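Student: I have a new model open and would like to learn how to read it. Could we go through it together?

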Amino acid sequence: MKLIIHKLISILLPPLAILLLLFLFPPYLIFKYISHKIRSFCREDVAGKVVLITGASSGIGEHLAYEYARRGARLALVARREDRLCEVADKSLELGSPDVIVIPADVSNMEHCKRFIDKAVNYFGRLDHLVNNAAIVKLGMFEDVTHVSEFAPTMNTNFWGSAYGTHFAVPHLRKSKGKIIVIASVAGWMPLPKISFYNAGKAALVSFYETLRVEFGSDIGITIVTPGLIETDMVQGEEFTSEIQVGFIPSESAEACAKAIVASACRGDRYLTEPSWYRLTLLLKILCPELLDSICRLTLFGRRRSSKKTS
């Protein structure tokens, strides 16, 4: 009986779904457009609010600090390199942030995550935005790896480092009706070679925070950001460019990406893909994955193993 039911659903559901899409999708797009415009006019003012940014010593994280500073937010900057954090903190103060603290920490260490959340809340008395940005990438073909455990730090930083901080921040974000901004990547759906565990970690972030959005409801806003190729130390370094051919893909500056992210977070967007044209690759993933595989394969050349960290 169950088998018959499943067969009937398999036969009837696809045409019904297509009919529903034909009738409901146009008004849904209109609703989305109007909702976006309303949020643009009613965007959040972060002046005086407390924003904690991980991986703030360079790249997107650094420029997120500057953009929040321009809007008058108070900042807690987290990364491993204290000297670079201090430089970012000084510039953030110059750009308009009323107060900045620097917290050297490794997000892959759960105790460090508890410490930087506690220190930020104890210092400022609250937490309004948690920006999970810290990430590393290890380059190499999976089949060339002698010990698969070599990729454990990638998952520990890119996924667990975000989950740890979120766990300790949730009670404080509930109090402030705050937001979580997650820096994932288009790599979560694009099968880019030589960074398989980076891709997997970013895909895990999207699924994880989509689930948390359902669990939290309206108590905590979540903006999931999927940047494309952004001009950061990680992708512009010799180790990366010698392994992966990305010269044919247009890139965007970290500053422009950060401006778009903060604007999106203040609007309360659920998702942001930056630059926006990368959303077409998700459509390719759904409609013709073979073509997307072929495009991603163009990035392959060289077989050297290397790693690059950013935070």
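Tutor: M110, C113, K114, I117 and V121 in α4 meet G161, Y164, G165, F168, A169 and H172 in α5, where contact means heavy atoms within 4.5 Å. Helices (H or I, at least four residues) and strands (E, at least two) are DSSP runs, numbered from the N terminus. This is a predicted model, in which local features need pLDDT of at least 70 and side-chain atom pairs count only at pLDDT 80 or more, while totals for chains, interfaces and linings use all residues. Residues are numbered from 1 along each chain as its sequence is written, and side-chain values use heavy atoms, leaving out hydrogens and water.

Student: At what angle do the axes of α4 and α5 cross?

Tutor: Two packed helices are described by the angle between their axes and the distance between the axes. For α4 and α5, the axes come within 9 Å and cross at roughly 35°. Axes are lines fitted to C-alpha atoms, for helices over the stretch in contact, and angles run from 0 to 180 degrees between N-to-C directions.

Student: In what order do the strands of the open sheet lie?

Tutor: Strands of a sheet pair through backbone hydrogen bonds, either parallel or antiparallel. Here 7 strands form the open sheet in the order β3-β2-β1-β4-β6-β7-β10, with parallel pairing; two strands pair if DSSP finds at least two bridges between them. β3 and β10 (271–274) are at the edges with a single partner strand each, so one side of each has no neighbour in the sheet. The twist averages 15° from one strand to the next.

Student: Which strands does α4 touch?

Tutor: α4 packs on the sheet against β1, β2, β3 and β4 (129–132), and its direction makes about 160° with that of β3.

Student: How many residues does the largest nonpolar core have?

Tutor: A nonpolar core is a set of buried Ala, Val, Leu, Ile, Met, Phe, Trp, Tyr and Cys residues joined through side-chain atoms within 4.5 Å; buried means under 20% relative accessible area (1.4 Å probe, protein chains only). The largest has 33 residues, and those with the most contacts inside it include L52, F116 and I180. α4 gives the most to this core, with 6 residues.

Terms used. Buried < 20%, exposed > 50% of the residue type's maximum accessible area, 1.4 Å probe, protein only.
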